[in-house]
Amino acid sequence: MKRSSDARKRSFVKALTYRVIIIVIDVVVVYALTRRLDIALWFTVVRNTFTIVAYYAHERAWNRIAWGRR
């Protein structure tokens, strides 16, 4: 039982740290291209919002597909 709980926590922390890395990369790249922090932050918020929604929709769609399941 402990192992399953550790795995969930580990997966959550991995997902969280990955998202933080992506957010930092977004801000740095857009700022480097535009030299405007307001645009970099706006882009990052919009992009990550749409990415989360798209990922959720993608997951829900794949839940309806039986391919690859046993």
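This tour moves through the structure stop by stop, saying what to select and what is found there.

The model is a predicted one, in which local features need pLDDT of at least 70 and side-chain atom pairs count only at pLDDT 80 or more, while totals for chains, interfaces and linings use all residues. Residues are numbered from 1 along each chain as its sequence is written, and side-chain values use heavy atoms, with hydrogens and water left out.

**Stop 1: the surface of helix α1.** Select F12, which sits in helix α1, residues 2-34 (helices are DSSP runs of H or I with at least four residues, numbered from the N terminus). F12 is exposed at a relative accessible area of 56%, where buried means under 20%, exposed over 50% and partly exposed in between, with a 1.4 Å probe and protein chains only.

**Stop 2: the salt bridges.** The structure holds two salt bridges, each a side-chain nitrogen of Lys or Arg within 4 Å of a carboxyl oxygen of Asp or Glu. Select R47 and D26, whose side chains meet at 3.1 Å, N to O; because R47 lies in helix α2 and D26 in helix α1, the pair ties together parts that are 21 residues apart in sequence. D26 is buried, with a relative accessible area of 9%, whereas R47 is partly exposed at 31%. Then select D38 and R36, which meet in a salt bridge of 2.7 Å, N to O; D38 is partly exposed at 44% relative accessibility, and R36 is also partly exposed, at 42%.

**Stop 3: the loop.** Move to R35, in the loop between α1 and α2, which has a positive phi of about 60 degrees although it is not a glycine. R35 counts as exposed, at 58% relative accessibility.

**Stop 4: the largest pocket.** Finish with R19, T51, I52 and Y55, which line the largest pocket (on a 1 Å grid over the protein atoms alone, a pocket is an open set of points where a 1.4 Å probe fits, with protein on both sides within 12 Å along at least five of seven lines, and lining residues have an atom within 4 Å of a point). Its volume is about 150 Å³, and helix α2, residues 37-63, gives the most to the lining, with three residues.

Methods. Helix = DSSP H or I, 4+ residues; strand = E, 2+ residues; numbered from the N terminus. Points joined across faces, edges and corners; volume = space filled by probe spheres on them.
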